[in-house]
Amino acid sequence: MNAVTRNWAEYAPALLAGEDQSIINLLRTGPFAAFENWAARFRTDLTGWHHGLLPGEGSLRLERDGRSLGLVAGNSVFRMITAESGADLVTLSREQLSHAVDGRYEDWAGSNALNLLLAGHAAGLPADLDLAAAGTLPVAADPASGTWTALPDLRNRSHRLLRIECDRDAPTRVLDCAAAGAPELITLPSRARLVAPAPRPRLRAEEYDEAAAVKSFYEQMSTGRAVLVIASGLHSPGGPVELDEFHRRLVDELYGETPGMTPPLAEVWSAARDRLDPGVLDGHVRMLRAEAGAVLPGLSRLLQAPWWQVYDFTASGVLEEACRGDAALGETVEPVDARTDYAPGQTNRLRVVAMHGNARDGSGSVDFGVPTEAGGDPRSLWFQRLKSELLERPAVFMAASPSSPALWAALEHAALEENADRYPLFVVAPPGSAGEQARMRLKGVVHIQQSPEEFAARRLQPNVQSLKDGKQRVAELRSATRQGTGISLVSSLLDSARKGSSDFLKGSDPTWGDIKGGFAAKLSVLDRIQAGARKNGRGKYPVVLVEGRAGTGKTTALMHHAYRLHREGRTVGWIDRDTDIPLSEIKRQASRIEFDTIIVDDVDIFGSRAASLLASLSDGGRTQVIAAIRTTRVRELDATFSPKVVSADEPLSDDDLGSVVKVLKKHGLLGLLKEYKWPPRARMEKLRDLCERSLLAAMIHVVSGKSFEDKVRSDFDDLPVEERAIYSVMCVLEADQVYKRRGMEQEDLLSVMTPTVSMARTKRGIEELVRSKYLVRGEGGALYCRHRTIADQVVGSVLKSMPDSLAMAVRLPLQFYAGQARHIRDLDNPYRRIMIRLLNHTMMRKLGLGPVLVRAIYDSVLDELGDDFHYWLQRGEYELERGDLGVAQNHLESARGCPGGADDFKVSTAWGAIRLSRSAQRPEDNELRTKALEAVDVLELVTVKHGGASPHTFAVLSKRGTEWLEAVQPLLSTHELSDLARRITDVMEKGREACRDNHTFLDVADRYAPRMTKLFERARGVPL
């Protein structure tokens, strides 16, 4: 901390310029960590907040009735970080103010009626800052000092309540309404003698290099990743009005004339809906509407270009009209109304998204309001997606004029100031004035100085090679996105693999480059796999199952085996957590391609269907099939499944240990083993001791000098607050306790973090996490934790000790996936699958979160999922497991009231379980006993109708039915007891056949059958 105290003069220039992020990060995670955590909770709902340089710094502009109030927070105490710090360290520099408002302070403050500059301690202000000229009232928490207004002595009064009166015809007044008696007038800084500012040099117009601009545009279009954003300029003369003209006309209609500062369209639209006659408003809206004859001739060429996605802000429906008039476009373009339709992922058609809706039906079919920053409605989701794509993809904006307010409103979504390392952004618009060109240049935008019509005619000709390349690439990308990942050819994985690295030896998951490059030692388990996979006496391959604890090298061994088979000329297929196509598609793919061997890593991702999948892939022993599974997951496989088991948990042999030491030595990573030089076996014996937990833990201990647990904890603690939040979410999504698939697209992760961190800051955090090897970017661009076992440790140990942080790491992705999948019913959709997993009541309990936090997580998606019976089912099951039967019943009744809920056998099963449990608690209640009898009927019917497809129903009736019958049996007649005991016993016996592969049911049946036998004896009059 000497950098901000004793050596301040040396470090100040770089720190205040924002160039020394290491010191700033230390401030955020050290002395200001508690403050940052506290403030983050409140910034979630603070729309428009701009973060400054130091912890707590930033600015916000509040607007009301055409006037604005500026709030600026300055950290004047960042150097006072030790107990002995004196007032001489109080600092508030011009650079801090500039970062807080993202520009020259006076320029930002000048557009506001008043500005409040807030600081913890009164500080000397920049000498050239004229407070009166800048309309600024400085307020500090300590006693008044010079020009600062103090907060009150907190022993006498807890706060000031400031009333700010801004009248165009009178000076601004500030009154403290919390003062004793009448409101107290606060004196504003007096106006200093005005000094004429020195003339600023005018920006010289730069020569327009059209060739360079167009070349750069074609380079980006050839990638097939560019998005198009249309603000205006697509209409023929005499066609519909442009959005800017519509905005101006609404202003005139509302106010009679245009105010000096034109209110934004969202504000005008809100006022117009409240105050204008609906017929008048409809008339204005319909002037936006495009008719068939108002479509520019070159518009079809625009839509035939290789765009990844098109966002239309015109509200005219002009692009939809173009598709109606062109049969070819109708097959390749999918118009989408952002107000009502949202679907995650991609299709094989170009989506043209009407961001404000379509004016064809008047004011009821458009919306120009500001979408909710992290809302779950379709329009908010599209705006979130636009923002993430503008960070992750090159983009082209089109407008009729470079000064178009609609254009600049659309450009705001690109976060130009926050995102310095963004992909190129192009604006296609006429040249405009020298000032407009300078504005583009200063924003870092490439201005292609042509009208959209001219640009489409000249630059989007179908014979341009870059556009041809882009079309092919976008088709490939859409196909890959649509089809998902199935069985990968190992030959392809090896061909596309990046060069291996020593990251594997430091605790990262193995890559195919690591296998080829010799970074992963070959261990004896590889020989055991090869021996177990040989054909049996009947000439058939057995299914081999490699079992082992987390981090024992199962994946590495399978990859080595696959690589060995590949070099022998075999056709080898690979399935792992990247696989996201339906099981039926995997089986069809296996039947189409004649694989010699198929290897399945982490086969438990397929749950109860894993054993049947392996049997299908084996094709009666004709195909060699090898799978890996964690020891803790073996019971998820069918009870009757009998594979050839190979253990990965056997102690490492001397040869194994020698191989590991040799690889570590080769790459200069002997670490703590260096000191073990004599006797010759000393290094091997030390490594053997370290391997007691797992090989992964041992490698991390050797290289880092810390135990696995301490290393994971210290790495987590070293992260700044925002990066820690991003990393926590990724660990939750990859941890074994939560979800069974690897990786996340960066665009999705940007949206996940939106409620707490801006997308631009999230992107910077992601890049830093990748750079520092917490996250890994896969071949296709998806993000992964460096090792799933590390993710397990973060969730199961680190975050478990921080329940609020763990709850946030679950809540954020759940909110995102609930928004994406709320209208999706296809259970094979990856967004729907992840949402269902994150809702799972068993997962919530395994995470160890308390009921208050779990209920808050569920509540956070109530608006999105309130009509989804699966949501209420999981809530009910959670409360049932906790024993809160009243709340559980309420939730299950809600589930039954949702579309499809009353007919869902899982809902019926949980509903029946609650009724049986409530009656067992109060056996003397006749009404509850009658409802329990109904539950037995319903559960019995489910077992008949769904059989082995619902083993949980068999288990519920066997367990809870027996417990209920034990509780109520004194109140039943001998006939009633005998009949009910027989029915439940019959269900148990039928379940042993129908659910013979299900461990859970078989365990229940074994435990409860003897208790049911006693009930039978009681019914026959045998003394118990």
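**Close-up 1. Phe426 and its bridge partner in strand 16.** In this predicted model, Phe426 has Val446 as its bridge partner in strand 16. Strand 15 and strand 16 (residues 446-449) are joined by 4 bridges and run parallel; two strands count as paired if DSSP finds at least two bridges between them. Also between these strands, Ala429 stands opposite Gln449 in strand 16. Helices (H or I, at least four residues) and strands (E, at least two) are DSSP runs, numbered from the N terminus. Residues are numbered from 1 along each chain as its sequence is written. Because this is a predicted model, local features need pLDDT of at least 70 and side-chain atom pairs count only at pLDDT 80 or more, while totals for chains, interfaces and linings use all residues, and side-chain values use heavy atoms, with hydrogens and water left out.

**Close-up 2. The other neighbour of strand 15.** Here we turn to strand 14 (residues 395-398), which is joined to strand 15 by 4 bridges, again in parallel. Val396 has Phe426 as its bridge partner in strand 15.

**Close-up 3. Strand 15 under cover.** Strand 15 (residues 425-429) is mostly covered, with 5 of its 5 residues buried; buried means under 20% relative accessible area, exposed over 50%, and partly exposed in between (1.4 Å probe, protein chains only). Leu425, Val427 and Ala429 point one way, Phe426 and Val428 the other way, and all are buried.

**Close-up 4. The crossover and the whole sheet.** Together with helix 15 (residues 434-442), strands 15 and 16 make a right-handed β-α-β unit; right-handed means that, with the strands pointing away from the viewer, the path from the first strand over the helix to the second runs clockwise. Stepping back, an open sheet of 7 strands comes into view, ordered 12-13-11-10-14-15-16 with parallel pairing. Its edge strands, strand 12 (333-337) and strand 16, each pair on one side only.

**Close-up 5. Phe595, a buried loop residue.** Phe595 lies in the loop between helix 22 (583-592) and strand 20 (597-600). Its relative accessible area is 6%, so Phe595 is buried. Beyond its neighbours within four places in sequence, Phe595 is in contact (heavy atoms within 4.5 Å) with residues including Ile487, Leu489, Val572 and Thr623. The C-alpha atoms of Phe595 and Thr623 are separated by 6.8 Å, and the two residues are 28 residues apart along the chain.

**Close-up 6. Helix 25 and its cover.** In helix 25 (residues 682-690), the buried residues are Ala682, Arg683, Met684, Leu687 and Leu690. Helix 24 (654-666) and helix 26 (695-704) are among the elements that cover them.
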